[in-house]
Amino acid sequence: MASRNSHDGNRRDLSSWVKLNVGGQYFLTTRMTLCKDENSFLCRLCNNDPDLPSDKDENGAYMIDRDPRYFRPILNFLRHSKLIIDKDIPLEGVLEEAEFFNMENLVQLTQRRIEARDSKAKKPSN
Amino acid sequence: MASRNSHDGNRRDLSSWVKLNVGGQYFLTTRMTLCKDENSFLCRLCNNDPDLPSDKDENGAYMIDRDPRYFRPILNFLRHSKLIIDKDIPLEGVLEEAEFFNMENLVQLTQRRIEARDSKAKKPSN
Amino acid sequence: MASRNSHDGNRRDLSSWVKLNVGGQYFLTTRMTLCKDENSFLCRLCNNDPDLPSDKDENGAYMIDRDPRYFRPILNFLRHSKLIIDKDIPLEGVLEEAEFFNMENLVQLTQRRIEARDSKAKKPSN
Amino acid sequence: MASRNSHDGNRRDLSSWVKLNVGGQYFLTTRMTLCKDENSFLCRLCNNDPDLPSDKDENGAYMIDRDPRYFRPILNFLRHSKLIIDKDIPLEGVLEEAEFFNMENLVQLTQRRIEARDSKAKKPSN
Amino acid sequence: MASRNSHDGNRRDLSSWVKLNVGGQYFLTTRMTLCKDENSFLCRLCNNDPDLPSDKDENGAYMIDRDPRYFRPILNFLRHSKLIIDKDIPLEGVLEEAEFFNMENLVQLTQRRIEARDSKAKKPSN
């Protein structure tokens, strides 16, 4: 089972833990998770890309000026490659974050989900 | 992509980080975000407007006597210029904050959204 | 606009900041907000009414043995005189707090809202 | 009004404050509240019942291995003797806690509420 | 009543308290709870399985790179063997965690619940 590999394998090398301060709320994850999508801002952030200014707060967490509630599905997508959102979260909020973090796959997946939702809402019920 | 400019560009000068203590909950953002709307109370606050008394708490966060849950869409609007709210949040709560913070564009946008919702609720279904 | 007066005017005298520990969650507000309703327990609390025992925790917050989630609309009512509640919050929870804090106006407003909700639920749809 | 007695009367003797760490989240309440139901595990806990091992964490809070979200209505029931739950909370979650904490009245009240809900859901709409 | 045994019996030996830092949020539980399912990653984690690298944060909590919101029903299942989820939580989020933590019983229970939900949604209403 693929999901188990991430904690059984030779994890300690790849996955130094990373703290993020997203809009005031702390998230704990690993470098390995953040770099699942190498083009994302999150991967560049924790790799200390010299072209990307990154600041840490007093607890050693990378500071990100975004909404923590919409960041959760973003981080979960990096963890297990699925888009899972709570029923009270609008897809538009997730799309905005996926674009900000430059995650092309997630942008497309979210857009398709929005289209499916909207076409369903417009469809006459007969 | 415009949204990427905010973390690729010469950010460090404009965006010293700002902590806010809104009604007891901490928010992390940047001066650049807060000053997207120059007439807002939030811009004046972090620019230390001499006519506006501002106090900081023991963690260096500006103290604001408002509800943190309704503040989230306010801050997100400054981040990406869209009004995105969770399904369980009443628009009236957001309107109240937009007025308090003197954000004229957001006040108008929220009022239009309320009118659309109410006219939809009243419309007969045939 | 009345709502703006509260941060433009000569605020610093009236509004020393007040921390509340309501059932384990911290709230930040001002003495001015808490004393909007002079008969409320909250006004008496921060005025150190000698007939009302009040205790502070190790962070200087007044301790209150009530539910924080239902306290939010109570505090917001003192801030802007409107009863705004999230869709998943039952009005009965707010009523219970309004009675506890001895806020007569809010008790009546909440009771009317409950009656309106119940009469709407019972009304036949034709 | 009974609810007001709890903060007007000679409270300081009966109500030394109690901190609880329920599954990782802190709750603040009083010994008086926790002992409203003398047979409950919560009353025995804060009375240091010698037959009941109780541990405190580094902040002096009694540690309880249960879910904090379903604990809220439990504690509120002890505060005001009513079962009030948010719309997204399943009654089954509350029942499980009421049984764990040995609160017979609340167990029965929750069971009746579940039966009412289920019989309403099964009832044909004509 | 079985649920009461867990706090009446000779608990202190089996249940040294365990702190978990799941994706940035703290959970408090016991070794006894975590080892209800001996094959789960959680049991191996707190038993310091030599084949499983485990790291603790600065507060002595085991660090886990998963979503805290979907972890709640996982931990509750270990506490009382029932799958109880809030109405706004998608079953798919719980399934993903049950698989990650290698909890076979919960995986099957969640899959059956998803199938029941989907077959109900597809069923014509006549």
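**Close-up views of a predicted multi-chain model**

**View 1. A salt bridge joins A:Arg72 and E:Asp67 in the predicted model.** The side chains of A:Arg72 and E:Asp67 meet with an N to O distance of 2.9 Å. This model is predicted, and no experimental structure is shown. Across the interface of chain A and chain E, the rule finds five salt bridges. Polar contacts between chain A and chain E come to 14 residue pairs, with both residues at pLDDT 80 or more.

**View 2. The side of chain A that touches chain E draws on helices and strands.** Which elements of chain A give two or more residues to the side that touches chain E? They are helix 1 (2-8), helix 2 (11-14), strand 1 (17-22), strand 2 (25-30) and helix 5 (68-80) of chain A. By class, the residues on this side of chain A divide into seven nonpolar, nine polar and eleven charged. In the contact between the two chains, 27 residues of chain A face 29 residues of chain E. Chain A and chain E bury about 2,500 Å² between them. Carbon and sulfur atoms carry 45% of that buried area.

**View 3. D:Asp86 and C:Arg69 form a salt bridge between chain D and chain C.** Here the N to O distance is 2.5 Å, between the side chains of D:Asp86 and C:Arg69. The count of salt bridges between chain D and chain C is five. The count of residue pairs in polar contact between chain D and chain C is 14, both residues being at pLDDT 80 or more. At least two residues of the side of chain D that touches chain C come from each of helix 1 (2-8), helix 2 (11-14), strand 1 (17-22), strand 2 (25-30) and helix 5 (68-80) of chain D. The residues of that side of chain D comprise seven nonpolar, nine polar and eleven charged.

**View 4. Chain D and chain C bury about 2,500 Å² between them.** Of this area, 46% lies on carbon and sulfur atoms. How many residues of chain D are in contact with chain C? The number is 27, and they are in contact with 29 residues of chain C.

**View 5. The largest cavity is lined by residues of chain C and chain D.** Its lining consists of C:Tyr70, D:Arg69, D:Arg72, D:Pro73, D:Ile84, D:Ile85, D:Asp86 and D:Ile89. D:Asp86 also takes part in the salt bridge with C:Arg69. Helix 5 of chain D gives the most to the cavity lining, with three residues. The lining has five nonpolar and three charged residues, and no polar ones. About 40 Å³ of space lies in this cavity. The structure holds six cavities of 30 Å³ or more.

**View 6. The second largest pocket has a volume of about 1,200 Å³.** Its lining is made up of 31 residues. Those nearest the centre of the pocket are A:Pro90, A:Leu91, A:Glu92, A:Arg117 and B:Lys87. Two or more lining residues come from each of helix 6 (91-100) and helix 7 (104-122) of chain A, and helix 7 (104-122) of chain B. Which element gives the most to the lining of the second largest pocket? Helix 7 of chain A does, with five residues. By class, this lining has 16 nonpolar and 15 charged residues, with no polar residues.

Technical notes. Residues numbered from 1 in each chain as written. Chains lettered and ligands numbered in written order. Predicted model: local features only at pLDDT ≥ 70, side-chain atom pairs only at ≥ 80, totals over all residues. Heavy atoms only, no water. Contact = heavy atoms within 4.5 Å. Buried area = accessible area lost by both parts, 1.4 Å probe. Salt bridge = Lys/Arg side-chain N within 4 Å of Asp/Glu carboxyl O. Polar contact = N/O pair within 3.5 Å; in protein donor to acceptor, adjacent residues only side chain to side chain. Helix = DSSP H or I, 4+ residues; strand = E, 2+ residues; numbered from the N terminus. Nonpolar A, V, L, I, M, F, W, Y, C, P; charged D, E, K, R; others polar. 1 Å grid on protein atoms, 1.4 Å probe; cavity = no way out; pocket = protein on both sides within 12 Å on 5 of 7 lines; lining within 4 Å. Points joined across faces, edges and corners; volume = space filled by probe spheres on them.
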